[in-house]
Structures are given as C-alpha cells and as structure tokens.
Amino acid sequence: MIFNIEYETMPREALEAIQLRRLQVTLERAYATVPFYRQKFEEKGIVPSDVRCLDDLNEIPFTTKQDLRDNYPFGMFAVPMDNIVRIHASSGTTGQPTVVGYTARDINTWAELMARSLSAGGASRGDIIHNAYGYGLFTGGLGVHYGAEKLGASIIPVSGGNTKRQIIIMKDFGPTILTATPSYTLHLAEVAGEMGVSFKDLNFKFGIFGAEPWSENMRQEIENKLNLIAVDIYGLSEVIGPGVSIECHEAKNGLHIFEDHFIPEIIDPVTKKVLPYGETGELVFTSITKEAFPVIRYRTRDITSLNTDPCICGRTHLRMKRVSGRSDDMLIIRGVNVFPSQIESVLMQIDEVEPHYQLTVDRVDNLDTLTVQVEVNENLFSDEVKTLQRLEQKISKDIKEYLGVSAAVKLVEPKTIARSEGKAVRVVDNRDI
Ligand code: DLL
C-alpha cells in the first residue's frame, strides 16, 4: 500500500518544481539563522537567491560531519531552543557525537516518512509491529514508533536487548512485522532456536531491517531463517533518522528516497564532482522541509548509486542501491579496496558457516593483513581438524577469487563472536595501536 499516493507517485516534473521551491525556502532560512551556513555562503560569495534551478545546488558548499562536530552541541540549530521538542544524538563511536534537534513539525514530518516507509515495507493498519530497534538517543526506536502510530498499526516498543523476553512476546502477542537491525535479527533467531521456538510457528510476514550494511546474501539467510520477507530501510540522524529511503516489498530492488523532503546527489569523494545517475560514489543529502536542523549538501560518506527507472510499485521517487558501506569502513588491504559487506556476501554462500563473523585488520611489517573469523555450525565443529582446515582454505580462496584480496580465515566455535543488540561491530582495526 502507498501511504501518501499524491506525493509518492507524483510525476517527476511536479516533484522537481516542489523540490526547487522548498530548497529555496530552506536556503534562505539556513542563511538567515545558522551562522555556519551564512559564513560558508559568504566565503563563496553567494547568496541563497542565486539558486534559481535545481542544478544551481551545485554551487553551494558541502557540509561534513566535522562541521557538525565543530558546532557541537546545538550550533547548527536553525530555531530557538524553545521550539525544539526532541533531541537525538549519534553514538559517537568515531568521535564526538553529532546532536540533532526537531521541532514539533519535524517530528510530524518524520512520522509521515516512517509511516510511508513501514507501508512500503508491507505494514498496514491492523499489523502488530515488534520494534526491536533501540529506544533512546539512537533514532531507530522512536523513529519507527511514531511512524507506526501514524500508520495506525499497533506498536510493541520492546527496544533492543532482553532477548529471551522478546521471543516470549513474539509467541504470545503474535506480531506480524519485525523491525530491528539485521545483526540483532540473527541473534533473535538464534535465541528463539535455543528456546525451541520456530519462526515458522510465529506470525511474521515482513521484516524491515537497516541501520547497518547487510548484503543481498544476508537477506536470503534472514528470509529463510525467519520465514518472512525482508526489506532494507536506510536513514541517518543528521538527515532525519530512519525513513530517508526504503525498498518497496514489491520490487526489493533499491531504496526509494523520499524526494519531496530530501534532494540526493552522488559525488566523487575525491574530486567532489557530482556524478550522473547510475554511477557509484558518496551520497549527499539536502533536507528541504526540516525546520530545526536543516542540512545542506551533507556528505553522508555512504557509498551507493541512484537510478530513476520506473518501479513496479508505482512510486516515482528515485531509488538508491543498497549501501555497501561507508567510505570510512572501506578497508584497503595491500591496495585492494573491500567493504566488510562484500566479505559477508562471500561467507553467506558457504553452507557450513553461520552468519556471525568479524574482521580483524593488523599491520605486519608495514603491510595490512586481514583475518576473517567466522563461526561454523555445531555439527562441523566437532569434526576433524582436517575438515576445518580444508574449509578455511576454501573460504580464503573464494574471498580471493571474488574480491581479489588475501585473507586468513579462522573458523571459530559457534556462539563465540559477540552478538549485537544494535549495530554489529564487524571490524576490529588494530592498525593505529
Ligand atoms: O542508523 C538510522 C536508522 C535507524 C536507519 C533504523 C534504519 C533503521 P545513525 O545511527 O545516524 O542512523 O547511523 C546512520 O548508518 O550513515 C549508514 O552508514 C548506516 N546505515 C543506516 N541504514 C543503513 C542501511 C540510523 N540500510 C548510518 N544499509 C548511515 C547500510 C545503513 N547502512
């Protein structure tokens, strides 16, 4: 079902007209109220009224995560504090957290976008949503929560953690939609198995998974293990939270970006030139309806491409390809670029291993080395050492063949790699120590 037929299926010409109008208003407001933006414009000798068509966006300077950090905590807010009704923050694992604010209208916009997203992912009024995204400063939990209420579905605000209790709730309340990170979803499946609960006996129809990279092969694994249809949802706190883009369950092939609220661009991260549709690069967003925290040409560091092909679901909003990773997650191993999700993709094709893995990068004699730890299934681990060695060699060979990178593979006992209740830690990088 399409939640907002008028906007989600709008002919592109009309959509672009709305984008331009909203962009102009956003630029004027940001210039007038956020000293950072005014200064950036002045440095370039431009004023908001110079933007007369969408292509003129090209002239506007980019905003980076560092800019947000430099203005920590509230320096990028475009409204006085008495208009801010909610504050969220990113976890700050890669530095100082970024803090974002919302006006009452922003919360409403976000709820609308999440209602659209849940709807695209297969939910409707009458569904029961088991929401295992964390509630708190992270935007996942509350983002889904408000969207579900707007949609008129029933939401179970279970959050992450307390996994056994989650399985009991699944059995007793009969939720039909699961929302969680893909890695926590696997943990849920594992604990259900330990408790003797089969997902085949539960009521789930759709799962709406995101907040971290996951491969197409991981989708297969999750769909088989949980007996549901899995769709990918994307977002980031700086832009609004979850609900920036989502796959429709009809096509499951690229995520529709809600273009009446965000203008996406793809740039070459090195030259910063805008790339044409279809080419892979760094995703950049300009928000065009947000009041409290407008972002102008915000560099996400996420790597993807855009495509405007019509979609079978009827939505006219363009689609971004599944995000393979962030530019700063990319490992460069002896000159070869690899994303953890590409390794995942290879691992998921091996029957004998479980979808739990971790990568370790070290520097030995000035050369980067990659070790892939992956769990094998119960039966195999009790097998002969030779069998395990052979399997390690086979996986290593597959990785080399598919990705061109040399990796040492280490099979480990089931349940030895730390489980995540939110975003998984896929890479341990020892190089700076
Ligand atoms: O992760 C928002 C979210 C919550 C999205 C729930 C989807 C579901 P942040 O914590 O600010 O916000 O992290 C944003 O996570 O820049 C990407 O690098 C990554 N990310 C989010 N969704 C996906 C996805 C939330 N579907 C950062 N695929 C983003 C790959 C994703 N990476």
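A crossing is left-handed if the near helix is turned anticlockwise from the far one by less than a right angle, and right-handed if clockwise. I am working with a predicted model, where local features need pLDDT of at least 70, side-chain atom pairs count only at pLDDT 80 or more, and totals for chains, interfaces and linings use all residues. Residues are numbered from 1 along each chain as its sequence is written, and side-chain values use heavy atoms, with hydrogens and water left out.

**Entry: helix pair**

I took helices as DSSP runs (H or I, at least four residues) and strands likewise (E, at least two), numbered from the N terminus. H8 passes H9 in a left-handed crossing. On the H8 side I found Pro182, Thr185, Leu186 and Ala189 in the contact, and on the H9 side Met218, Ile222, Lys225 and Leu226. Contact here means heavy atoms within 4.5 Å.

**Entry: second largest pocket**

I used a 1 Å grid over the protein atoms alone: a pocket is an open set of points with protein on both sides within 12 Å along at least five of seven lines, a 1.4 Å probe fits in a cavity but cannot get out, and lining residues have an atom within 4 Å of a point. Grid points are joined across faces, edges and corners, and a volume is the space filled by probe spheres set on them. I noted about 540 Å³ for the second largest pocket. Its lining has 29 residues, with Glu216, Lys321, Arg322, Val323 and Ser324 nearest the centre. H10 gives the most to this lining, four residues.

**Entry: cavity**

My search of the whole structure found one cavity of 30 Å³ or more. The largest cavity holds about 40 Å³ of space, and its lining includes Leu68, Tyr72 and Phe293.
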